[in-house]
Amino acid sequence: MRHISLVLIGTLFGAGLALSGMLNPSKVAGFLDLFGVWDPSLAFVMGGGVVANFIGHRIVTRRGAPLYEAGFSLPTNQGIDARLLTGAGLFGIGWGIGGLCPGPAISSLLLMPGDAVLFVMTMLAGLAAGRILTSGPSARPAPQA
Amino acid sequence: MVIDFVNFTPFASLIGGVMIGLAALLLMLSHGRVMGISGILGGIVQPSDKSDVPWRLLFVVGMLIGPFAVIQLLGRPIEIVPNTSGVLLPVAGFVVGLGTAIGSGCTSGHGICGLARLSMRSAVAVGTFMLTAVTTVYIVRHVV
């Protein structure tokens, strides 16, 4: 169950992405196109996701530990620094151009193989580059959110 | 601002969003992990420890299956219309990977999870990437 649960939770996430419209790059861009003909749908995705998680998170983390691990791995870094702003800013530019963020890129791999494979390969290269760039001796330990 | 009522899907998007939130919640309940996809992938690309990789791969396998469950249930394909092509597509992919690695998170980690934990750091990240994403789409669609 420990392993099956991961596949099932991943499936629920992938299904949620597909149903919500997040796998459709032009719909994502339609949401980001505030100054054009605006499709507000994705605000409902973020709203529904955050509220569902917000309500349950408090109940879940009140437990001493998760079901299959010794403890919760919650991010400890609370700093707001140039690195956070640079990274988030860059991510938004790529998201705006491609209409894909990391989750939907993965979940659309088998649906639009050509585009998604190219996007995911370059995204993984970017992830590796970014991690090397930020893992120097001067870099603070930053948990991946 | 003109609302695009033709493509507006409030119900499907809300239900899909709740499913995404529940997935994040269940991953925290079962494995105590934040459902941040850039972080999950980063740990596959550059593992800190071999034993830390399998749970990530299992989750990714589920992510690949999920859309097919929706196709089965709805009885129709999922609409996918590319937003870019040519050299811009791999450039976008690389910048998304680079940015989420530097900024330690993406739409799922900082958005769905960070905001639900009331993390100010994540709220700033979300505000920043929304701002640059909206600006980028404005430039691509209305300026260039």
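1. A word on the source before anything else: this is a predicted model. With that in mind, the contact draws on 111 residues of chain A and 106 residues of chain B.

2. On the extent of the interface, chain A and chain B bury about 9900 Å² between them, with 76% of that area coming from carbon and sulfur atoms. The size of an interface is often quoted as the accessible area lost when the parts come together.

3. For charged pairs, the rule finds 1 salt bridge across the interface of chain A and chain B. The side chains of B:R141 and A:D33 form a salt bridge, at 3.1 Å from N to O.

4. Which elements of chain A give two or more residues to the side that touches chain B? They are helix 1 (2-20), helix 2 (25-32), strand 1 (37-38), helix 3 (41-60), helix 4 (82-98), helix 5 (102-107) and helix 6 (113-133). Helix 1 of chain A gives the most, with 17 residues.

5. As for composition, the side of chain A that touches chain B divides into 62 nonpolar, 38 polar and 11 charged residues.

6. Do look at the strands as well. Strand 1 of chain A and strand 1 (residues 2-3) of chain B run parallel and are joined by 2 bridges. Within this pairing, A:V37 stands opposite B:V2 of strand 1 of chain B.

Conventions. Residues numbered from 1 in each chain as written. Chains lettered and ligands numbered in written order. Predicted model: local features only at pLDDT ≥ 70, side-chain atom pairs only at ≥ 80, totals over all residues. Heavy atoms only, no water. Contact = heavy atoms within 4.5 Å. Buried area = accessible area lost by both parts, 1.4 Å probe. Salt bridge = Lys/Arg side-chain N within 4 Å of Asp/Glu carboxyl O. Helix = DSSP H or I, 4+ residues; strand = E, 2+ residues; numbered from the N terminus. Nonpolar A, V, L, I, M, F, W, Y, C, P; charged D, E, K, R; others polar. Pairing = 2+ DSSP bridges.
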